[in-house]
Amino acid sequence: MKNTKSIFEMIVDREIDAKIVYEDDLVISIEDINPVAPYHFLIIPKEKISTLNDLNNSHKELLNRIFEVARNIAKEFNFDQKGYRTIFNCNEYGGQTVYHIHLHLISGRKLGWPPG
Ligand code: AMP
């Protein structure tokens, strides 16, 4: 899997289109192609990290950046006060489908709990 480009690397490299809402040296953020709520963004590291299990202490700055970007997008789209949910899915039981970690940032309606 390491040598195969993920769909998100292709977006970073502009090989496929996406609605990009933010980009810097470490991350890119896009609108999810299949939104589950009125607001559904993905915050994606440019470095391909397959699952949460592959994170280590060298990723502290990256993780900090991912959540900083999530907070900033929530403010920019004005749902920071109403609220939102952030999710990293991991592997089969977590429902992960793209093996390049990404934080889901979801809002715009009251979300149910517990997840299905
Ligand atoms: P997960 O199931 O947690 O791995 O999430 C993968 C997410 O990526 C899903 O919510 C998909 O809708 C989304 N997705 C897959 N391909 C694209 C794409 N080309 N552009 C934007 N979002 C995508």
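Is Phe77 buried, partly exposed or exposed, and what is its relative accessible area? Phe77 is partly exposed, at a relative accessible area of 25%; the class lies between buried, under 20%, and exposed, over 50% (1.4 Å probe, protein chains only). The model is predicted, so local features need pLDDT of at least 70 and side-chain atom pairs count only at pLDDT 80 or more, while totals for chains, interfaces and linings use all residues. Residues are numbered from 1 along each chain as its sequence is written, and side-chain values use heavy atoms, with hydrogens and water left out.

Seven aromatic pairs occur in the structure; rings of Phe, Tyr and Trp (its six-membered ring) pair if their centres lie within 6.5 Å, and planes under 30 degrees apart count as stacked, over 60 as edge-to-face and the rest as tilted. One of these is the tilted pair of Phe41 and Phe77, at 4.8 Å centre to centre and 45 degrees between the planes. This pair links distant parts of the chain, 36 residues apart: Phe41 belongs to strand S3 (residues 39-45), and Phe77 to the loop between helix H2 (60-76) and strand S4 (85-87). Helices (H or I, at least four residues) and strands (E, at least two) are DSSP runs, numbered from the N terminus. Phe41 counts as buried, at 2% relative accessibility.

An edge-to-face pair is formed by Phe67 and Phe88, with 6.2 Å centre to centre and 75 degrees between the planes. Ring pairs also link Tyr39, Phe41, Phe77, Phe79 and Tyr84 into a cluster.

Elsewhere, strands S1 (residues 20-23) and S2 (residues 27-31) pair in the antiparallel sense over three bridges; pairing requires at least two bridges found by DSSP.
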